[in-house]
Amino acid sequence: MLRSKCLESIYPELEDKLVVTIMGATAQELYDLGHKENFFYLQHAMGLASSIGMGIAMNLPGEKVIVLDGDGSVLMNLGTLTTMARYRPRNLVHIIFDNGSLLSTGGFDSHTTSGITNLAKMAEGAGIPNVALTRTPLEFVEAAADAFERDDLTVIVAKVEAVGPDHFGMDLKLPENAFRFERFIREKQAKKATHR
Ligand SMILES: Cc1ncc(C[n+]2csc(CCOP(=O)(O)OP(=O)(O)O)c2C)c(N)n1
């Protein structure tokens, strides 16, 4: 299963949600599908996309927040699973693309490569109420649809090939993306408030 294809399959569903990605390949693949103002690519801060996503989800319970993460990044911030489980933001979906690799920095094996470390079981053990392990595009798209519909915290582990984009580069630097993302959220909240 290819992460780029998984992203393509959920891309239309991301329109009305707030999306936070990790740096590198995942960010590039989403950006290449077409940037939207509701996308925030957390460059550099490896491991923290889920923490940022959780903060947004807890502060904006009326928004659905999707985090697009990597196995290496999650392994760098494992406490995130326990924190998410404890506070259980019901509007948060955490998708972990497990390619068994630190692909964006040259493709070094991560701890999941050997098959010894199982992130889905770790998420379950942390107390995440809904966990799906997906290995095929159909399983992935079904798990994502269920998670987007469900009014509860969900972690999806998608086993994908260690393949990334053939180029890197965005015409959108981190500060500009951050300012615009924050403005997008503020304006969306203001619109919602006037329609109440
Ligand atoms: C604290 C920290 N250490 C190392 C890096 C360098 N780095 C950037 S992306 C990356 C690999 C990320 O791996 P993963 O989350 O599995 O995503 P993938 O690149 O495989 O898509 C590394 C090591 C970083 N940005 N921050």
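Because the model is predicted, local features are reported at pLDDT of at least 70 and side-chain atom pairs count only at pLDDT 80 or more, whereas totals for chains, interfaces and linings use all residues. Residues are numbered from 1 along each chain, as its sequence is written.

Two packed helices are described by the angle between their axes and the distance between the axes. Helices (H or I, at least four residues) and strands (E, at least two) are DSSP runs, numbered from the N terminus. Axes are lines fitted to C-alpha atoms, for helices over the stretch in contact, and angles run from 0 to 180 degrees between N-to-C directions.

Helix 3 (residues 49–59) and helix 5 (residues 79–87) have axes that come within 10 Å and cross at roughly 15 degrees. That angle makes helix 3 roughly parallel to helix 5, given that angles under 35 degrees count as roughly parallel, over 145 as roughly antiparallel, 65 to 115 as roughly perpendicular and the rest as oblique. Helix 3 passes helix 5 in a left-handed crossing; a crossing is left-handed if the near helix is turned anticlockwise from the far one by less than a right angle, and right-handed if clockwise. Ser 50, Ser 51, Met 54 and Met 58 of helix 3 meet Thr 80, Thr 83, Met 84 and Tyr 87 of helix 5, where two residues are in contact if their C-beta atoms, placed from the backbone, lie within 7 Å. By class, this contact of helix 3 with helix 5 has four nonpolar, four polar and no charged residues (Ala, Val, Leu, Ile, Met, Phe, Trp, Tyr, Cys and Pro count as nonpolar, Asp, Glu, Lys and Arg as charged, and the others, Gly among them, as polar).

Helix 5 also packs with helix 6 (residues 119–126), their axes coming within 8 Å and crossing at roughly 40 degrees, and the two helices are therefore oblique to each other. This crossing of helix 5 and helix 6 is right-handed. Leu 81, Thr 82 and Ala 85 in helix 5 meet Met 122, Ala 123 and Ala 126 in helix 6, a contact with five nonpolar, one polar and no charged residues.

For helix 1 (residues 3–10) and helix 7 (residues 137–149), the axes come within 10 Å and cross at roughly 40 degrees, which makes helix 1 oblique to helix 7. The crossing of helix 1 and helix 7 is right-handed, and the contact involves Lys 5, Cys 6, Ser 9 and Ile 10 of helix 1 with Pro 137, Phe 140, Val 141 and Ala 144 of helix 7. Its residues comprise six nonpolar, one polar and one charged.

Helix 7 also contains Glu 142, which is partly exposed, with 13 other C-beta atoms within 10 Å; a residue is buried if 20 or more other C-beta atoms lie within 10 Å of its own, exposed if 12 or fewer, and partly exposed in between, with C-beta atoms placed from the backbone. Gln 189, in helix 8 (residues 174–195), is exposed, with 12 other C-beta atoms within 10 Å.

Around the ligand there are 18 residues, of which Gly 70, Gly 72, Ser 73, Leu 103 and Ser 104 come nearest, a residue being near a molecule or strand if its C-beta atom, placed from the backbone, lies within 6 Å of it. Helix 2 (25–33), helix 4 (71–76) and strand 5 (101–102) are the elements that give two or more residues to this shell, and helix 4 gives the most, with three residues.
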